[in-house]
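Please walk through the model below with the sequence alongside.

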Amino acid sequence: MQLLRGVIDPELGSDIVDLGMAKGATVSPDGDVVVTIALTTAGCPLRAQIQKDVRTRIESHPGVRSVKLDWTELTAEEKAETMARARWNVREKAPDTEVPPTTRVIAVASGKGGVGKSSVTSNLAAALAARGLTVGVLDADIWGFSLPRMLGVDGRLEGTAEEGEHRKIAPHEKAVGKGLLKIVSMGFLVDDEESALMWRGLMLNRAVQHFLEDVRWGDLDYLLIDMPPGTGDVQMGLARMLPRTELIVVTTPAKGAQKVAARAVSMARKSYLRVAGVIENMSSFTCDHGSTYALFGSGGGEALAADAGVPLLGKVPLEPSVAAGGDAGEPVVLGTGPAAETFRAIAARIVEEAVPPVAMAGCSARMLEAAVAALDARPTT
Ligand SMILES: Nc1ncnc2c1ncn2[C@@H]1O[C@H](COP(=O)(O)OP(=O)(O)OP(=O)(O)O)[C@@H](O)[C@H]1O
Ligand SMILES: [Mg+2]
């Protein structure tokens, strides 16, 4: 049931457990899972979306051998309860976060520092935006923030003073091709990296929570979160605040790094976060003369992916242009070369199979509209 909290009914905006649509789950000793889901209307086009989400959440959990979904329809009475719940969520419960329910959330994590999380985050964000998508980027590395530099964005974040509303922060925007990046980082709140250290007293999670709740994200297809190295605090915080977060784990080809990265995977699973895949970074280096060197060893990415039972999304070669692009604020993926091609291929795999965007096509927002209409009709006493 905890895994199912990661499945959102995009139309109603809450998770299917909260909405009372996840009726129950049984697990046999051999790991055969049967889940019963009740939908508002059996013909809802969102059924395919919810089905896929339920399946991927449960299938990738360790110990699961098979998943069977049983579909039923909510009774009239249950439907009324679900609607009341959705309405209550819209009205009473300040939304958990400002991140829209249709946004796919991907946290880029690793076991240890310096393996290329921030490089991967900035390049994938740029690649997804270049495909015409709107991509939020949250730099959760409060003390070692690097995304402002890597994405070439600067300046303090401004509050939006909307009348009668809680003051929100507007993310920095950067157009990439037909798409858009919306970026927040601690780097935009402090004057220099040194004063960032003064925030040490502030709970890391409080800062991330602030970014999730108080940033006016607006429409987003994806939200990419650049995780700080090591600590499991942020992962646990995300599991609480955004249980639908999916992890991409970055590792280097070295066996040592792979072992630490495996810890990030098991930590994620303890908090019921789905691991969507592994990226090996700093893979072999090919020199100008065409010789290839496995400077940091080889096989780490494959081993980790096999171990975790998740796909290896790609292997990014060690290439000076990755570092140069990061320093210049121009992600290499917007240029040419093997690393750029690899990043583009990984972005394509994310969109096409690993973490596809939520497909709302063909689904009317009638239930939410009904909820809002009911709210408007309520006497304002
Ligand atoms: N594929 C690559 N080829 C060459 N250099 C790379 C590659 N990936 C990352 N780098 C460089 O390695 C350094 C560390 O990368 P990055 O900052 O992305 O790692 P990180 O995991 O985010 O580190 P931290 O744990 O400190 O946040 C950077 O200088 C970056 O430019
Ligand atoms: Mg980093």
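Predicted model: local features only at pLDDT ≥ 70, side-chain atom pairs only at ≥ 80, totals over all residues.

β14 is a member of an open sheet of eight strands with mixed pairing, in the order β10-β11-β7-β12-β6-β13-β14-β17. The edges are taken by β10 (172-176) and β17 (312-317); each has a single partner strand, so one side of each is left without a neighbour in the sheet. On average, and with direction ignored, neighbouring strands here are turned by 20° against each other. Helix α3 packs on this sheet and touches β6, β7 (134-139), β10, β11 (179-185), β12 (222-226), β13 and β14. The direction of α3 makes about 165° with that of β12.

Strands of a sheet pair through backbone hydrogen bonds, either parallel or antiparallel. The eight-stranded sheet is mixed, and two of its pairs illustrate this. Strands β6 (residues 104-109) and β13 (residues 246-251) run parallel and are joined by four bridges; Ile 106 stands opposite Glu 246 in β13. By contrast, β10 and β11 run antiparallel, joined by five bridges, and here His 172 stands opposite Ile 183 in β11. β10 and β11 also form a hairpin, with two residues between them. Gly 177 in that turn has a positive phi of about 55°.

There is also an open sheet of three strands, in the order β3-β4-β5, again with mixed pairing. Which strands are at its edges? They are β3 (22-27) and β5 (66-73), each of which pairs on one side only. From one strand to the next, the twist averages 15°.

The mixed pairing of this sheet can be followed through β4. Strand β4 (residues 32-39) pairs with β5 in the parallel sense over eight bridges, and the bridge partner of Leu 39 in β5 is Glu 73. With β3, strand β4 pairs in the antiparallel sense over five bridges; the partner of Ala 22 in β4 is Ile 37. A hairpin is formed by β3 and β4, with four residues between them, and Gly 31 in its turn has a positive phi of about 95°. Helix α1 (residues 46-59) lies across β4 and β5 and runs at about 155° to β4.

The remaining topic is a pair of helices. Helix α8 (residues 255-270) packs with helix α9 (residues 300-308) at an angle of about 30°, their axes 9 Å apart. Angles under 35 degrees count as roughly parallel, and α8 and α9 are therefore roughly parallel to each other. The crossing of α8 past α9 is right-handed. On the α8 side the contact is made by Lys 255, Ala 257, Gln 258, Ala 261, Ala 262 and Val 265; on the α9 side it is made by Gly 300, Ala 303, Leu 304, Asp 307 and Ala 308. These contact residues divide into seven nonpolar, two polar and two charged.

Terms used:
Residues numbered from 1 in each chain as written. Chains lettered and ligands numbered in written order. Axes fitted to C-alpha atoms, helices over the stretch in contact; angles between N-to-C directions. Parallel < 35°, antiparallel > 145°, perpendicular 65-115°, else oblique. Left-handed = near helix turned anticlockwise from the far one by under 90°. Contact = placed C-beta atoms within 7 Å. Nonpolar A, V, L, I, M, F, W, Y, C, P; charged D, E, K, R; others polar. Pairing = 2+ DSSP bridges.
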